[in-house]
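Here is a quick report on one protein chain, meant to be read with the model open beside it. Take a look at the fold before going on.

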Amino acid sequence: MGEIRRTETKEPGGYPELKGVDLMRELLEVVARALVNNPDAVQVNEVHGETSVILELKVAPDDMGKVIGKQGRIAKAIRTVIRAAAARDGRRVMVEIVEHS
């Protein structure tokens with residue numbers, strides 16, 4: 001089999017290189033916006049603790065069901081993806097889903 005090589009291209013107007021918690025925050029926001037009916041209401045806040053970071057995902061009340069899913073399956077999948085991205089970086093990141101008030 002052939003060798004797989006990674007090449008990084010920097011296209012004009014592309015996204016800046018994100019790292020650490022900023023990358024996970026952006027990932028969470030993109031996933032949440034794709035799921036909900038009201039993407040403008042999606043907000044992600046960071047709460048830094050001693051050993052971990054909590055990402056609070058806030059969505060409109062009408063979109064809570066879409067983000068949580070049946071029996072919490074969508075929420076669990078979102079948390080798994082963010083946890084995997086954090087593990088690559090050697091961090092502990094947790095996701096909490098909060099309703100806008």
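A residue counts as buried here when its relative accessible area is under 20%, as exposed when that value is over 50%, and as partly exposed in between. Keep in mind that this is a predicted model.

With those words in hand, start with helix 1. Its buried residues are Gly20, Val21, Met24, Leu28, Glu29 and Ala32. They sit on the same side of helix 1, because the arc they cover around the axis is only 160°. And what lies over that side? The cover for the buried residues of helix 1 includes strand 1 (43-48), strand 2, helix 3 and strand 3.

Now step back to the whole chain. The protein chain has 3 helices and 3 strands, and from the N terminus on they come in the order α-β-β-α-α-β. Of its 101 residues, 27% count as buried. Among contacts with a separation of 6 or more, 58% join residues 24 or more positions apart. The accessible surface is about 7700 Å², and carbon and sulfur atoms own 49% of that.

Which of its residues are buried? They are Ala75, Ile78, Ile82, Ala85 and Ala86. These lie on the same side of helix 3, since they span an arc of only 100° around the axis. As for what covers the buried residues of helix 3, the list includes helix 1 (20-35), strand 2 (53-59), helix 2 (64-68) and strand 3 (93-99).

| Helix | Residues in helix | Span between end C-alpha atoms | Expected span |
|---|---|---|---|
| Helix 3 | 16 residues | 23 Å | 22 Å |

Valine 81 belongs to helix 3 and is partly exposed, with a relative accessible area of 42%. Its C-alpha atom is 9.2 Å from that of methionine 24, a residue 57 positions away along the chain. Methionine 24 is one of the buried residues of helix 1.

Leucine 35, in helix 1, is also partly exposed, at 31% relative accessible area. Together with Val31 and Ile74, Leu35 makes a nonpolar patch on the surface, and the three share about 180 Å² of accessible area.

Finally, the backbone has a couple of spots to check. Most residues other than glycine have a negative phi, and most peptide bonds are trans. Where does glutamine 71 sit? It is found in the loop between helix 2 and helix 3, and it has a positive phi of about 55° although it is not a glycine. Is glutamine 71 buried or exposed? It is exposed, with a relative accessible area of 73%. Just after helix 3, a glycine, residue 90, takes a positive phi of about 75°.

Technical notes: Residues are numbered from 1 along each chain as its sequence is written. This is a predicted model: local features need pLDDT of at least 70, side-chain atom pairs count only at pLDDT 80 or more; totals for chains, interfaces and linings use all residues. Side-chain values use heavy atoms; hydrogens and water are left out. Helices (H or I, at least four residues) and strands (E, at least two) are DSSP runs, numbered from the N terminus. Buried means under 20% relative accessible area, exposed over 50%, partly exposed in between (1.4 Å probe, protein chains only). Contact means heavy atoms within 4.5 Å. Accessible areas come from the Shrake-Rupley method with a 1.4 Å probe; for residues, only the protein chains shown count as cover. The expected span of a helix is 1.5 Å times one less than its number of residues. The arc is that of the directions from the helix axis to the C-beta atoms. Patches are made of residues with over 30% relative accessible area and no salt bridge: like charges are joined within 9 Å, nonpolar side chains (Val, Leu, Ile, Met, Phe, Trp, Tyr) within 5 Å. A salt bridge is a side-chain nitrogen of Lys or Arg within 4 Å of a carboxyl oxygen of Asp or Glu.
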